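Please walk through this structure with me, chain by chain. Keep the sequence and the 3D view side by side.

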Amino acid sequence: MRQSVSHLAEHWGDSLYRAAFAVCRNPQDAEDVVQETLLAYYRSDKQFDSEEHIRAWLIRVAVNKAKNATICFWRRNRRSLEDYMDALTFEDSGDRELLDAVLRLPEKYRVAIHLFYYEDYSVREIADILDTGEGTVKSRLSRARKLLKAQLTEEWDDEQS
Amino acid sequence: MSNREKYKRAFQALHAPNNEWLEAVNMDMNRKHERFSFSRRAAVAVMIAALLVGSLTAAYATDLGGVRQMVTLWFHGRATDAQVEVYTGEDGGVDAEYQAEDDEEGSPAPASYVVTWTDENGEERQMMGGGVALEPNGVERPLTMDEYLEDLAGSPAEMVEVSEDGRVTLYWYDIAEDITDRFEDGVCRLTLTHGDETLYFTVMDEGDGAYNVSAAADGYAD
């Protein structure tokens with residue numbers, strides 16, 4: 001099956017943007033990543049089993065493109081992350097702290113933690129998306145949780161790793 | 001409230017900006033020439049790919065598990081020799097040494113290639129990164145060496161520089177063009193020639209000191 005790009009943009013645009021931002025930590029790069037991800041879909045002739053299959057493919061492409069974006073050095077003149085964060089409206093005062101804490105994690109931990117907590121993917125699904133082993137994903141999630149707990153203390157509950 | 005609920009609530013503060021990127025996608029779909037994508041990064045990468053000096057000398061460093069090459073890059077009008085080490089690890093180019101550092105100290109993501117050069121102040125600078133290419137059918141594969149180098153050529157060159165006194169300079173090869181007073185409605189268009197090569201530059205002032213540069217050999221971007 002295929003879906004129109006406008007349909008995907010409407011349904012998954014914010015989700016792709018958030019995943020990209022979690023990786024590259026730059027709003028303009030995240031915006032580019034969404035655009036390039038949708039273009040990649042448009043240019044692809046791949047057939048999908050379901051909308052969920054499309055979503056997983058888009059997430060995977062977006063994460064990889066966002067990783068690539070982090071190596072570009074020409075972003076020197078970009079708007080700073082702090083300015084961008086200051087302009088956001090958070091529902092709760094702890095939300096900014098949590099977002100800051102996530103963005104301070106090493107990249108590979110950010111990817112795993114975002115796919116798990118925001119996209120609700122299982123360890124196995126994350127391993128498929130990132131083309132890595134389940135053990136690696138479990139390890140990254142465990143370490144990420146510990147780092148978040150260390151930063152957020154009582155705002156982050158202990159969980160079984 | 002669970003960690004998951006807190007996490008989702010925090011990230012829901014982020015929104016893709018007003019579907020501007022969707023408009024850009026639609027524009028790109030309608031283009032005749034894909035190589036001049038509206039995407040900022042893609043445009044710059046296409047542009048700077050032309051800056052890579054033609055002849056690359058290669059020296060193999062098997063003890064590093066990869067290939068080492070010397071390339072010439074242009075930084076702000078200055079030709080600079082840079083050393084590139086491309087790693088070819090089993091999992092798509094991750095070097096074990098950087099992986100270990102990442103695991104133990106939380107340093108940035110592991111690298112598939114490392115670029116080292118000396119800047120104008122005599123200080124050694126280094127950057128590292130890696131990536132995959134997406135085939136037209138959606139299948140991913142590790143970047144080839146040529147693609148690494150092309151990507152590399154697009155990475156470090158900061159084409160537009162804003163000085164402390166607000167002057168805006170566009171760099172291309174050894175050309176430094178002051179474009180401060182050449183913007184009309186936030187867009188500057190100019191043609192530069194280097195040797196036999198002529199490019200049409202479009203520089204867009206995006207505010208907050210950010211500039212988007214695109215260039216094409218067959219005319220200005222839309």
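What follows covers the conventions, then each chain, then a contact between the chains.

This is a predicted model, in which local features need pLDDT of at least 70 and side-chain atom pairs count only at pLDDT 80 or more, while totals for chains, interfaces and linings use all residues. Residues are numbered from 1 along each chain as its sequence is written, chains are lettered from A and ligands numbered from 1 in the order in which they are written, and side-chain values use heavy atoms, with hydrogens and water left out.

Start with chain A. It has eight helices and zero strands. Along the sequence, the pattern of chain A reads α-α-α-α-α-α-α-α.

How much of chain A is buried? Of its 161 residues, 58% count as buried. Buried means under 20% relative accessible area, exposed means over 50%, and partly exposed lies in between, with a 1.4 Å probe and protein chains only. Chain A exposes about 6,800 Å², and carbon and sulfur atoms supply 42% of that area. Such areas come from the Shrake-Rupley method with a 1.4 Å probe; for residues, only the protein chains shown count as cover. Now take the contacts in chain A with a separation of 6 or more: residues 24 or more positions apart account for 65% of them. Contact means heavy atoms within 4.5 Å.

Two places in chain A deserve a look. The first topic is a loop. A:Arg25 sits between α1 (5–24) and α2 (27–43) of chain A. Its phi is near 55°, a positive value in a residue other than glycine. Most residues other than glycine have a negative phi, and most peptide bonds are trans. A:Arg25 counts as partly exposed because its relative accessibility is 35%. A:Cys24 has a relative accessible area of 6%, so A:Cys24 is buried.

Next, turn to helix α8 (residues 134–152) of chain A, where A:Lys149 is found. A:Lys149 has 24% relative accessibility and therefore counts as partly exposed. Which residues does A:Lys149 touch, not counting those up to four places away in sequence? They are A:Glu154, A:Trp156, A:Asp157 and A:Asp158. A:Glu159 lies 10 residues from A:Lys149 in sequence, and their C-alpha atoms are 9.6 Å apart.

Now chain B. Here there are five helices and 13 strands. Of the 222 residues of chain B, 44% count as buried. Its accessible surface comes to about 11,300 Å², with 45% belonging to carbon and sulfur atoms. Among the contacts in chain B with a separation of 6 or more, residues 24 or more positions apart account for 35%.

Go to strand β4 (residues 113–118) of chain B and find B:Trp117. Is B:Trp117 buried or exposed? At 3% relative accessibility, B:Trp117 counts as buried. B:Ala82 is 35 residues away along the chain, yet the C-alpha atoms of B:Trp117 and B:Ala82 are separated by 4.6 Å.

Then follow the loop between β10 (175–178) and β11 (187–194) of chain B, which holds B:Asp185. B:Asp185 is not a glycine, but its phi is positive, at about 55°. With 81% relative accessibility, B:Asp185 counts as exposed. B:Thr180 also has its place in the loop between β10 and β11. Leaving out residues up to four places away in sequence, B:Thr180 touches B:Gly166, B:Arg167 and B:Val168. B:Thr180 and B:Gly166 are 14 residues apart along the chain, with 8.0 Å between their C-alpha atoms. B:Cys188 has 0% relative accessibility, so B:Cys188 counts as buried.

Finally, look between the chains. Two packed helices are described by the angle between their axes and the distance between the axes. Helix α5 (residues 93–103) of chain A and helix α1 (residues 3–11) of chain B have axes that come within 9 Å and cross at roughly 90°. Axes are lines fitted to C-alpha atoms, for helices over the stretch in contact, and angles run from 0 to 180 degrees between N-to-C directions. α5(A) and α1(B) are therefore roughly perpendicular to each other. Angles of 65 to 115 degrees count as roughly perpendicular, under 35 as roughly parallel, over 145 as roughly antiparallel, and the rest as oblique.

Which residues make the contact? From α5(A) come A:Asp95, A:Leu98, A:Leu99 and A:Val102. From α1(B) come B:Lys6, B:Tyr7, B:Arg9, B:Ala10 and B:Phe11. By class, the contact of α5(A) with α1(B) has six nonpolar, no polar and three charged residues. Ala, Val, Leu, Ile, Met, Phe, Trp, Tyr, Cys and Pro count as nonpolar, Asp, Glu, Lys and Arg as charged, and the others, Gly among them, as polar.

Methods:
Helix = DSSP H or I, 4+ residues; strand = E, 2+ residues; numbered from the N terminus.
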